[in-house]
Structures are given as structure tokens and as C-alpha cells.
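Trainee: I have a new model open and want to go through it side chain by side chain. Can we start with the charged ones?

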Amino acid sequence: MGTTSAQRQAKYRQSRAYAGDNGERRINTWVSSGTALALGRLAKRYGVTQREMLERLVLAADQQILTTLDPDSSEWKEYFTVTA
């Protein structure tokens, strides 16, 4: 007997945690229509997927904050204390 679609999908999602250099995490959230449309426009303008555009925006914002923090400070440690 073969595997069901649900079983194949579960196996695929589990393997994503180990993909690439550092694995991947699934984000599932609702955003406003304006945000979704803006993301679509940005992705189209830069010729990338919405996923790539979102990754670029988040990493750029993160890098901007990191340049203001001293690695030996309590603020650095607090910034890297994440519950997700």
C-alpha cells in the first residue's frame, strides 16, 4: 500500500528543517491586504519570489539593528533571546 498525500506532505515538511545551510522554518501568519499587495509589488519589481523578498527585507532590518549593538552588551544578549 502506498503513502497518502498527507503522509508525503508531512515527510516533506519534516525534511525542510534540515534543508540548506541552517534548515528552514515554516511561518504561517495573516497580514493585512495592503501588506500582501506591497510584498507582491516589491517582489515583482526586483524579479524575485515573495519568499526571497520577505527574506531580504527581514535580514536587512536585522543587520541594521546588529550594527548598532555591542556584541559584549546585555542588549546584544537580550536581542538574541528569542522564543520562536
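Trainee: What is the relative accessible area of Arg-51?

Mentor: Arg-51 has a relative accessible area of 47%, so Arg-51 counts as partly exposed. The cut-offs are under 20% for buried, over 50% for exposed, and partly exposed in between, with a 1.4 Å probe and protein chains only. Bear in mind that this is a predicted model: local features need pLDDT of at least 70 and side-chain atom pairs pLDDT 80 or more, while totals for chains, interfaces and linings use all residues. Residues are numbered from 1 along each chain as its sequence is written, and side-chain values use heavy atoms, with hydrogens and water left out.

Trainee: OK. What does Arg-51 form with Glu-24?

Mentor: A salt bridge, with the closest N and O atoms 2.7 Å apart. The term needs a side-chain nitrogen of Lys or Arg within 4 Å of a carboxyl oxygen of Asp or Glu.

Trainee: And which parts does that pair tie together?

Mentor: Arg-51 is in helix α3 and Glu-24 in the loop between α1 and α2, so the contact links parts that are 27 residues apart in sequence. Helices here are DSSP runs of H or I, at least four residues, numbered from the N terminus.

Trainee: Glu-24 itself, how accessible?

Mentor: Glu-24 is partly exposed as well, at a relative accessible area of 25%.

Trainee: How many salt bridges turn up in the whole structure?

Mentor: A search of the whole structure gives 3. One of them again uses Arg-51, whose side chain meets that of Glu-55 at 3.1 Å, N to O. Both of these residues lie in helix α3, 4 residues apart, or about one turn of the helix. Glu-55 has a relative accessible area of 34%, which makes Glu-55 partly exposed.

Trainee: Which residue does Arg-56 pair with?

Mentor: Glu-52, and the closest N and O atoms of that salt bridge are 3.1 Å apart. Arg-56 and Glu-52 sit in helix α3 with a spacing of 4 residues, about one turn. Arg-56 is partly exposed at 38%, and Glu-52 is partly exposed at 30%.

Trainee: Which residues end up in one network?

Mentor: Glu-24, Arg-51 and Glu-55, joined by salt bridges that share partners.

Trainee: Why would such side chains pair at all?

Mentor: Side chains of opposite charge can pair when their charged atoms come close.

Trainee: Which helix gives the most to the lining?

Mentor: α3 does, with 7 residues. Helices α1 (5–16), α2 (33–46) and α3 each supply at least two residues of that lining.

Trainee: Back to single residues. Leu-39, buried or exposed?

Mentor: Leu-39 is buried, with a relative accessible area of 18%. Leu-39 is part of helix α2.

Trainee: Last one. Where is Ile-65 found?

Mentor: In helix α3, which covers residues 50–66. Its relative accessibility is 37%, so Ile-65 counts as partly exposed. Ile-65 and Gly-40 are 25 residues apart in sequence, and their C-alpha atoms are 25 Å apart in space.
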